[in-house]
Amino acid sequence: MESLCTNTLTLEKIYRLAVDNAMAFVSYRLPGQKESVTMLQWKQAPARFTSINALESLSGFVFAPFDFDSGTPARIIQPDLIITGDSYQEPDNKSSNHPDLLSAEYIYTDTENYITTRNEFMAQVDQVKKLITRKTIEKVVLSRIHREEKPTGFTTGDFFNALELAYPDAFVFALYIPDSGLWFGASPEPLLIVDNGLVSTVSLAGTRKLSPEGADLPWGEKELNEQQIVTDYIQKLLNDFCVKKIDRNGPFTCRAGKVEHLKTKFTFPKSELCAGTSDFLLRLHPTPSVCGLPREISLQVIKNTEMHRREYYTGFLGPVIKNGSLDLYVNLRSMKAQANQLEYYLGAGITMGSDPEKEWEETQNKMNTLKSIVESLKS
């Protein structure tokens, strides 16, 4: 415990130094791992990229938005220093001149995001259900933001450390890019993992409050249908990419803080893809678990309905290595820290069986997965 506390204090000093001097950083810990990794970049601002196809030949940490056409830039931290436990490494960033990367200068905006009220959110749910009734769409994921005052004494180091302890099976992170803000998250959803010749992805949809009766409690029809929509979409996508040797496991119940989800995992050899993993990722993101189905129509409904900017919420993030290895996760259970406020980004999948009141409650339950940690750190 002493070494853990010492490391937390050291990282907190690094975080403060980085913020005070406009240096980008990310600390992350992969699911099931004991040590976190911290990357810092100061020689230049993290580059922007416009093409997912660039990722297979880059090394660094990717931070991508929900919608690449929204004006929120996709960024990659190409570190000048990497800290893992007690070891320090200064990598050679030869890929910083990659043709698909755009050099960036920090561009600061000060526009406050819109906070959707309870009544507005429930009206949006009803509006989407009418579209579903007309057979226009099967599912749309609606999101909102909750904003509250940041507690006195809140620190990046303490919060990130608490996330690590509370969510050993999630992808946890703290990320700061001066003109994009300070973001935290504990994501239960891998988007795309490529390692040792294997590729894996999941369908994660259907949410309920953690039950004292355990994971064997039967799921409702609405949640089962929502999960099946995402599973069918990924299966069809794999068929389109000629993937046949698939190890499919699920759906099963997985816990994520104070809520639990239905999850189906797909694993297959990378050699099975009839195109590169970047092409597959381009078709995969955003999945119906964060957007809807059909994707293009759902994306337009989201743009016409939501009054806030999602920015990086429901985008993807994670480390990439130019040998083709990826650990990309969906940016869920996401929180953005402002100077004096915290913003929780929350979403719910809307289907024919949705009840507006219950969808609001679902977003509240998801918020509590992070808010309970914030509350535990209050002095």
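User: What marks Gly324 in the hairpin of S17 and S18?

Analyst: Its phi. In this predicted model, Gly324 takes a positive phi near 105°. The hairpin of S17 and S18 has five residues between the strands.

User: How do you know that S17 and strand S18 pair?

Analyst: Count the bridges. Pairing needs at least two bridges between the strands. S17 and S18 (residues 326-330) have three bridges, so they count as paired. The sense is antiparallel. One of the contacts sets Leu317 against Tyr329 in S18.

User: What makes strand S4 a partner of S17?

Analyst: The cut-off again is at least two bridges. Strand S4 (residues 60-64) is joined to S17 by five bridges, so the pair qualifies. S4 and S17 run antiparallel. Ala64 stands opposite Phe316 in S17.

User: Why is strand S17 called largely enclosed?

Analyst: Look at its residues. Buried means under 20% relative accessible area. Five of the five residues of S17 (residues 316-320) are buried, so the rest of the structure largely encloses this strand.

User: Why is the contact of Glu112 and Arg147 called a salt bridge?

Analyst: The rule asks for a side-chain nitrogen of Lys or Arg within 4 Å of a carboxyl oxygen of Asp or Glu. The N to O distance for Glu112 and Arg147 is 3.7 Å, so the pair meets the rule. By this rule the count comes to 20 salt bridges.

User: What does the bridge of Glu112 and Arg147 tie together?

Analyst: Parts that are 35 residues apart in sequence. Glu112 lies in the loop between strand S8 (101-102) and helix H2 (118-133), while Arg147 lies in strand S9 (residues 139-149).

User: Is Glu112 called buried or exposed, and why?

Analyst: Exposed means over 50%. Glu112 has a relative accessible area of 58%, so Glu112 is exposed.

User: How do you know that Lys222 forms a salt bridge with Glu226?

Analyst: The closest N and O atoms are 2.9 Å apart. The limit is 4 Å, so the pair counts. Lys222 and Glu226 sit four residues apart in helix H4 (residues 221-240), so about one helical turn separates them. Lys222 is buried, and so is Glu226.

User: What makes Glu362 and Lys366 a salt bridge, and where do they lie?

Analyst: Their side chains meet at 2.9 Å, N to O, so the pair falls within 4 Å. Both residues lie in helix H7 (residues 356-376), four residues apart, about one turn of the helix. Glu362 is buried, as is Lys366.

User: Which residues do salt bridges that share partners join into one network?

Analyst: Lys139, Lys222, Glu226 and Glu359.

Notes. Residues are numbered from 1 along each chain as its sequence is written. This is a predicted model: local features need pLDDT of at least 70, side-chain atom pairs count only at pLDDT 80 or more; totals for chains, interfaces and linings use all residues. Side-chain values use heavy atoms; hydrogens and water are left out. Helices (H or I, at least four residues) and strands (E, at least two) are DSSP runs, numbered from the N terminus. Buried means under 20% relative accessible area, exposed over 50%, partly exposed in between (1.4 Å probe, protein chains only).
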